[in-house]
Amino acid sequence: LWDAALGKYVIFMRPTIHCGMAAHANRKAARSESADLVHWTPPRVILDTDERDADAFDVFDEPGMHSPRGRSKQFQALIPFILNGCYIGFTWFYDVKLGTFVNEMLHSEDGIHWLREALREPFVADGRPEGFHGKLLCPACDGPILVDDEYFFYISANMRGHHDAYLAEQQGGDQTWRNKMLAANDIYGF
């Protein structure tokens, strides 16, 4: 993302997290800057959950993982854009227990100090807006698209949650979705 006021590129990422180490257990959002797209500053954590989101756990048994995980609600990612000189961001806010994501909208003057809405209600979630459905929600582009005098936000929605493939496998259930993903990995290399 080009920040014209800063005169640098900025990237937002999930920093390296070392499962099994309590200090690195939560999924967080970090930021790095570059003047040339080659040399980047070390990632700086700019967004993490707190006690208003969920209680802390010493060990949380997330399906498929048995290690310290911090809180049961975490930030999987932050997708920012700049609009009228202000950073606006969509989060992938992850509920570890349910294996679902919602999108919160945040704002920041500098892209470092982010402010969440007071009630911390989802901007987009399963059933919000009415008629919208999905368990794994991902913002589909860098920012809204202006159409006439309205901004259109595009969200990718998957009806399966984060844990669904793993749980189906453990229970001897339907392997179709998992097998398709493994086949895509063989074909496309991801």
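Predicted model: local features only at pLDDT ≥ 70, side-chain atom pairs only at ≥ 80, totals over all residues.
Residues are numbered from 1 along each chain as its sequence is written, and side-chain values use heavy atoms, with hydrogens and water left out.

**Open sheet**

- Four strands build an open sheet with antiparallel pairing, in the order β1-β2-β3-β4; strands (E, at least two residues) and helices (H or I, at least four) are DSSP runs numbered from the N terminus, and two strands pair if DSSP finds at least two bridges between them.
- The edges of this sheet are β1 (2-3) and β4 (44-47), each of which pairs on one side only.
- Three bridges join β3 (residues 29-34) to β4 in the antiparallel sense, and Ala-29 stands opposite Leu-47 in β4.

**Salt bridges**

- The structure holds seven salt bridges, each defined as a side-chain nitrogen of Lys or Arg within 4 Å of a carboxyl oxygen of Asp or Glu.
- Glu-33 forms one of them with Arg-31 (2.9 Å, N to O), and Arg-31 is buried, with a relative accessible area of 5%.
- Asp-53 and Arg-120 meet through their side chains in another salt bridge (3.2 Å, N to O).
- Asp-53 lies in the loop between β4 and β5 (56-57) and Arg-120 in the loop between β11 (114-116) and β12 (136-139), so this pair ties together parts that are 67 residues apart in sequence.
- Asp-53 is buried at a relative accessible area of 11%, and Arg-120 is buried at 18%.
- Glu-121 and Arg-128 also form a salt bridge (3.7 Å, N to O); Glu-121 is partly exposed, with a relative accessible area of 43%, and Arg-128 is partly exposed, with 37%.
- Shared partners join the salt bridges of Asp-50, Asp-53, Glu-104, Arg-116 and Arg-120 into one network.

**Aromatic pairs**

- The count comes to 11 aromatic pairs, where rings of Phe, Tyr and Trp (its six-membered ring) pair if their centres lie within 6.5 Å, and planes under 30 degrees apart count as stacked, over 60 as edge-to-face and the rest as tilted.
- The ring centres of Trp-2 and Tyr-9 are 4.8 Å apart with planes at 65°, so the pair is edge-to-face.
- Trp-2 counts as partly exposed at 43% relative accessibility, and Tyr-9 counts as partly exposed at 27%.
- The rings of Phe-12 and Tyr-87 are likewise edge-to-face, because their centres are 6.1 Å apart and their planes stand at 65°.
- Phe-12 belongs to strand β2 (residues 8-13) and Tyr-87 to strand β8 (residues 86-95), so the contact ties together parts that are 75 residues apart in sequence; both residues are buried.
- Ring pairs also link Phe-81, Phe-90, Phe-123 and Phe-153 into a cluster.

**Largest pocket**

- The residues lining the largest pocket include Arg-31, Glu-33 and Tyr-87.
- The lining divides into six nonpolar residues, one polar and five charged.

Technical notes:
1 Å grid on protein atoms, 1.4 Å probe; cavity = no way out; pocket = protein on both sides within 12 Å on 5 of 7 lines; lining within 4 Å. Nonpolar A, V, L, I, M, F, W, Y, C, P; charged D, E, K, R; others polar. Buried < 20%, exposed > 50% of the residue type's maximum accessible area, 1.4 Å probe, protein only.
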